[in-house]
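Please take a moment to look over the sequence and the 3D view below. Then read on for a guided walk through some of the details.

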Amino acid sequence: MAINIVVGGQYGDEGKGKIISYLALKDKPKVVARGGGGPNAGHTVQYQGTKYKIRLVPSGFLYKEAKLLIGAGVLIDVDVLLEEIEQFKVQDRIKVDKRATIIDPKYKQEDANSSIAKEIGTTKSGIGPATAHRALRDASLAYSQPKLEKYLDDTYKIINSYSDVLVEGSQGFMLSNLYGTYPYCTAKDVSASTICAEVGLGPRKVDNVIMVVKSYTTRVGNGPLKGEIDPIQAKQLGMDEYGTVTGRQRRVNPNLIFEELQMAASINSANCIALTKLDVKFKDAKGITEYQKLSKKAKEFIEDLESKLDVPVGLIGTGQEVYDIIDVRKEKGIKV
Ligand code: IMP
Ligand code: MG
């Protein structure tokens, strides 16, 4: 029984969807709550051979007993949300906070057409304009939408009545509006504290901050990326990836950027790293589920990360399927 929050430690697309769905199926939390951003997030989950692409419904939906919450801080595209609710058949267990900001279709237009949004290379989902209009206090909130009526609730009340909760953040630390590569970033902070506020949890409630780190670095959209390599070279390394929301090829640095990860670990107060796609970095790690079975090189890579960040690696992704994972949280002293 723990309150876990999962955040991204890089530029988004660290593989949060996979980690969240594993934690949901393994730990069986009573509640899975989504915070952060909005439909700019694209989480991909592969389970029993099926690939799910999710933008607003919590990625933990695979665990069928969990109540699913969308916090007040999430920006809602009503059409995207209603479509996903149908697609994932979660009508009976999803609630949306009545205070969540609605992305007006005209915000998406603004996001697609403004020169600054083009320069940043946004996902065109209306995130910047919706956040701005919320600050200007002329945005509509979820309670004004008859189409959402049956899903509306005070989600903070639900989340605060359980001690078995999985909170899912979105984007990644370096896309934070506060700490990331401004102005090449998203519209809000995406660190653990903000995600907590967005789902209505106070800081004393959280047991674990699980920071997801991919075994190499990718970025979609414009802005600085240290150590960036040529897209052809990235393909040769098997590190070519394409955005879930926009289909754009992601830019790649085949290594970790430690000074950025150290800042992310510090500001998120991470006490557990979930390292993903180790099998892309080390092909011989594919499908391994026991730490001892990893190669010496792979183990050294993990131990180096732990010592540089001073945070234990409690979860290690070794393939696309939800259960392609090494779970050493207990051995590392992380509350499960
Ligand atoms: P926006 O959040 O759509 O305004 O986009 C701002 C920047 O953040 C762009 O570079 C996007 O590519 C990036 N971004 C936003 N959300 C995600 C995400 O979930 N994964 C990766 N990049 C993202
Ligand atoms: Mg993504």
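What follows is a short tour of the ligand site, the aromatic rings, some backbone details and a few pairs of residues.

This is a predicted model, in which local features need pLDDT of at least 70 and side-chain atom pairs count only at pLDDT 80 or more, while totals for chains, interfaces and linings use all residues. Residues are numbered from 1 along each chain as its sequence is written, chains are lettered from A and ligands numbered from 1 in the order in which they are written, and side-chain values use heavy atoms, with hydrogens and water left out.

## The ligand and its surroundings

Let us begin with the ligand. How many residues surround ligand 1? There are 18, and the closest are D13, N40, T123, T186 and R248. A residue counts as near a molecule or strand if one of its heavy atoms lies within 4 Å of it. By type, the shell around ligand 1 holds seven nonpolar, nine polar and two charged residues. Here Ala, Val, Leu, Ile, Met, Phe, Trp, Tyr, Cys and Pro count as nonpolar, Asp, Glu, Lys and Arg as charged, and the others, Gly among them, as polar.

Now for some polar contacts, meaning pairs of N or O atoms within 3.5 Å (within protein, one must be able to donate a hydrogen and the other to accept it, and residues adjacent in sequence count only if both atoms are side-chain atoms). T123 places a polar side-chain atom 2.6 Å from an oxygen atom of ligand 1. The side chain of Q171 has an N or O atom 3.1 Å from a nitrogen atom of the ligand. V220 takes part through its backbone, where a polar atom is 3.1 Å from an oxygen atom of ligand 1. On its own, ligand 1 has 470 Å² of accessible area, and the protein covers 97% of that. Accessible areas come from the Shrake-Rupley method with a 1.4 Å probe, and for residues only the protein chains shown count as cover.

## Rings and charges

Next come the aromatic rings. The structure holds six aromatic pairs. Rings of Phe, Tyr and Trp (its six-membered ring) pair if their centres lie within 6.5 Å; planes under 30 degrees apart count as stacked, over 60 as edge-to-face and the rest as tilted. Why is the pair of F61 and F88 tilted? The ring centres of F61 and F88 are 4.6 Å apart and the planes meet at 40 degrees, so the pair is tilted.

F61 sits in the loop between strand 4 (50-54) and strand 5 (67-70), and F88 in the loop between helix 2 (78-87) and strand 7 (94-97), so the pair ties together parts that are 27 residues apart in sequence. Helices (H or I, at least four residues) and strands (E, at least two) are DSSP runs, numbered from the N terminus. Buried means under 20% relative accessible area, exposed over 50%, and partly exposed in between (1.4 Å probe, protein chains only). Ring pairs also link Y52 with F61 and F88 into a cluster.

Charges can sit over rings too, which is counted if NZ of Lys or CZ of Arg is within 6 Å of the ring centre and within 35 degrees of the ring normal. K308 lies over the face of F258, at 4.4 Å from the ring centre. The charged end of K332 sits over the ring of Y291, 5.9 Å from its centre.

## Backbone details

The peptide bond from Y182 to P183 is cis, with omega near 0 degrees. P183 belongs to the loop between strand 10 (165-168) and helix 7 (192-199).

Q48, a residue other than glycine, has a positive phi, near 50 degrees. Q48 lies in the loop between strand 3 (43-47) and strand 4, and is exposed, with a relative accessible area of 63%. K277 also has a positive phi, near 55 degrees. K277 is in the loop between strand 14 (272-276) and helix 10 (278-281), and counts as partly exposed at 30% relative accessibility.

## Sequence and space

Finally, the table sets separation in sequence beside C-alpha to C-alpha distance.

| Pair | Apart in sequence | Apart in space, C-alpha to C-alpha |
|---|---|---|
| G287 and Y323 | 36 residues | 8.6 Å |
| V80 and P39 | 41 residues | 7.5 Å |
| P312 and K293 | 19 residues | 18 Å |
| A2 and D27 | 25 residues | 8.9 Å |

V80 lies in helix 2 and is buried at 15%. A2 is in the segment before strand 1 (3-8) and is buried at 5%.
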